[in-house]
Amino acid sequence: MHFPPVQFDWIAAVPMTLLSVGGLGVLLLDAKGKGRNPLVSAGAAAAVLVATLLWFVHPLVPHATAADARSFTSMLTVDGLGVFVTVVCILTGLGTLALAPSYMAREGVKAGEIYPLVVFAVAGMSVLAMGTDLMVLFLGLEIMSLAVYVLAGYQRTVDGSVEAALKYFLLGAFASAIFLYGITFMYGAAGSVRLDLVARALASDNPNTVRLAQIGLALLLAGLGFKIAAVPFHLWTPDVYQGAPTPVTAFMSSAVKAAAFALALRILRVGFGAHPMLWTEAVKWLAIATMVVGNLAALVQRDLKRMLAYSSIAHSGYLLAGVAAGHPAGTSAVLFYLAAYLAGNLGAFAVLVAIGEKGDRNLNLDDIAGLYKTHPGLAFALSACLLSLAGIPPTAGFFGKFLVFNAAVKAHMIGPAVLIALTSALSLGYYLTVIVKMYMAEPAREYITEPPTVGVRLVVVASVASVFVLGILPSLVQGLAEQAAIPLP
Amino acid sequence: MNPYVPVLISFAAAVLLIGVFLFFCHAFGPKAPSPIKSDPFECGNPPSGPAHDRFAVRFYIVAMLFLLFDIEVVFLYPWAILFRELGGLGIMEMGFFLTLLVGGLAYVWWRGALEWE
């Protein structure tokens, strides 16, 4: 068997290298200090993330253009999609790092490995976002998932957290195995795991190749469905999101989702872009089921974390509708939606961190009654974020939903488009309940929470600001998303 | 003819032969059952205590660390054999790999995972 020599383009691998080596540095720093200085570890981890962010935006860095973006023999592609999603994941990581110290201090968790683990997870996400080879993508998926499994079970003396980690790990390992099985079918069909070669093999329209690739794609979609919490692969989501520490839940629901959607877009667009008939229907029905089940289940939740978990499932449904819409409009809508969802979701979880008591016991719908009277700022922030998640103008979520709706209509998918509008109206049922409780009800109890720390305040303010900035001036990010959605030649 | 047909034939022959042996044993073998013969047989000492005993979690940590650094050597061997052919790039890559592992060692050391008590 002949293997062509691999080209080494170190420039393309700089972000992953920065993140993984930097993460190791943070790990050692934390271990040397015996985990006694969480703020130092969090700061070092944030510095690593900011350095990676600067690498992307610094004008002196040689930027790969679409034509020469492929590197490592087309195993890694530094294109708009990859950079956009990596930046979304890095921003989520920064938010998590800002929320974690005060949450962990409140819960009495001493060890500081949470900070390097967030950096490692972001490293995996960057590989996921930029990989264009199924094995490289699998590697990224595992680097990300292993770190997030540990993060979910970080409070190992708390039953809920251990349950979350175990459920997430067992089901996640199963999903990874299914994904890997799909890769073997792809290799059988195309003779390669590189997505561009898969596409070339499919272009021959050999019925055997197409049939094998179809089986492989079904398995890949099942694995992906787990990671993005699409119905019917969503059963783990509520327990894991509720049991995991709140900053980790914020991280999982925003960053892991963004990275998994980058993976889905990459596989479906690069590998199967010329064969939409193989996957459009399947993704469309996944989207429909996810929108309906996620929103209906969220309606009956009393616990806020659990409600946001179901809301996160519902948002996966809207995003899937954008993926099914396919052509550049759908992709750019998905990317914008991911950014808008990050703003609203991170802000909502930041408020939950700020108002929570030890063990998250007071995050029930009745506990936040009258929050407006005691914490007007937090009540306003939570309202803004929830309205954005519901898709009310002038917030970021409105434009996200509008773009996805638009893309679905353009792709003649009237059913999903109507469902986006209907289920969004339905979602107002649970988002508005929270807001009504906060503003109209009398405080049911005394709040003994301490004033939020600087990190939590920063995240809340930044999220609310981005919710409104993206809602009033969506073109700021929309241009980037459209640029990122231009397919590679 | 499909090249796998001989494999199939030998597979079928094996199954058939086993079936024949089992049938003849069953049909013609002498049978004298007794309660002692029907007992489940175990070699060695009679078991003392349940097999699902509890271990100290430290053993798992040691076993895990052993596996990690054992696997490291698995990667070092092929590299050492192809050392000349791989050249400078090979040294760089192995250096990077070992740096990561040494980082891991430093981490477990500093966190006290190597201390028994």
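This is a predicted model: local features need pLDDT of at least 70, side-chain atom pairs count only at pLDDT 80 or more; totals for chains, interfaces and linings use all residues.
The secondary structure of chain A consists of 19 helices and two strands. Along the principal axes, its C-alpha atoms occupy a box of roughly 70 × 55 × 40 Å. The radius of gyration of chain A is 21 Å, which agrees with the value near 23 Å that a compact globule of 489 residues would have. Of these 489 residues, 59% count as buried. When contacts in chain A between residues at least 6 apart in sequence are considered, 81% of them join residues at least 24 apart.

One helix pair of chain A was examined in detail. Helix H5 of chain A spans residues 134–152 and helix H10 of chain A spans residues 246–271. Their axes come within 11 Å and cross at roughly 170°. Because crossing angles over 145 degrees count as roughly antiparallel, H5(A) and H10(A) are therefore roughly antiparallel to each other. On the H5(A) side, the contact involves Leu137(A), Leu141(A), Met144(A), Val148(A), Leu151(A) and Ala152(A). These residues meet Val248(A), Met252(A), Val256(A), Ala259(A) and Leu263(A) in H10(A). The residues of this contact divide into eleven nonpolar, no polar and no charged.

Helix H16 of chain A, which covers residues 396–410, contains Gly400(A). Gly400(A) counts as buried, with 34 C-beta neighbours inside 10 Å, because the threshold for a buried residue is 20 or more. With residues up to four places away in sequence left out, Gly400(A) touches Phe336(A), Tyr337(A), Ala340(A) and Tyr341(A). Between Gly400(A) and Thr184(A), the C-alpha to C-alpha distance is 36 Å, and the two residues are 216 apart in sequence.

In the loop between helix H15 (376–390) and H16 of chain A lies Pro394(A). The peptide bond that joins Pro393(A) and Pro394(A) is cis, with omega about 0°. In the loop between H16 and helix H17 (414–440) of chain A lies His412(A). His412(A) is not a glycine, yet it has a positive phi of about 60°. This residue counts as exposed, with 9 C-beta neighbours inside 10 Å, because the limit for exposure is 12 or fewer.

Two further loops, on either side of helix H8 of chain A, show features of these kinds. Asp205(A), found in the loop between helix H7 (195–203) and H8 of chain A, has a positive phi of about 60° although it is not a glycine. Asp205(A) is exposed, with 10 other C-beta atoms within 10 Å. Pro232(A) is located in the loop between helix H8 (207–227) and helix H9 (237–243) of chain A. The peptide bond from Val231(A) to Pro232(A) is cis, and its omega is near 10°.

For chain B, the domain assignment gives domain 1 (1–30) and domain 2 (57–110). The C-alpha centres of these domains of chain B lie 48 Å apart. The contact between the chains takes six residues from chain B and five residues from chain A. On the side of chain B that touches chain A, the residues divide into four nonpolar, one polar and one charged.

Note on methods:
Residues are numbered from 1 along each chain as its sequence is written. Chains are lettered from A and ligands numbered from 1 in the order in which they are written. Helices (H or I, at least four residues) and strands (E, at least two) are DSSP runs, numbered from the N terminus. The radius of gyration is taken over C-alpha atoms; the globule rule is 2.2 Å times the number of residues to the power 0.38. Two residues are in contact if their C-beta atoms, placed from the backbone, lie within 7 Å. Domain bounds come from an automatic or database domain assignment. Ala, Val, Leu, Ile, Met, Phe, Trp, Tyr, Cys and Pro count as nonpolar, Asp, Glu, Lys and Arg as charged, and the others, Gly among them, as polar. Axes are lines fitted to C-alpha atoms, for helices over the stretch in contact, and angles run from 0 to 180 degrees between N-to-C directions. Angles under 35 degrees count as roughly parallel, over 145 as roughly antiparallel, 65 to 115 as roughly perpendicular and the rest as oblique.
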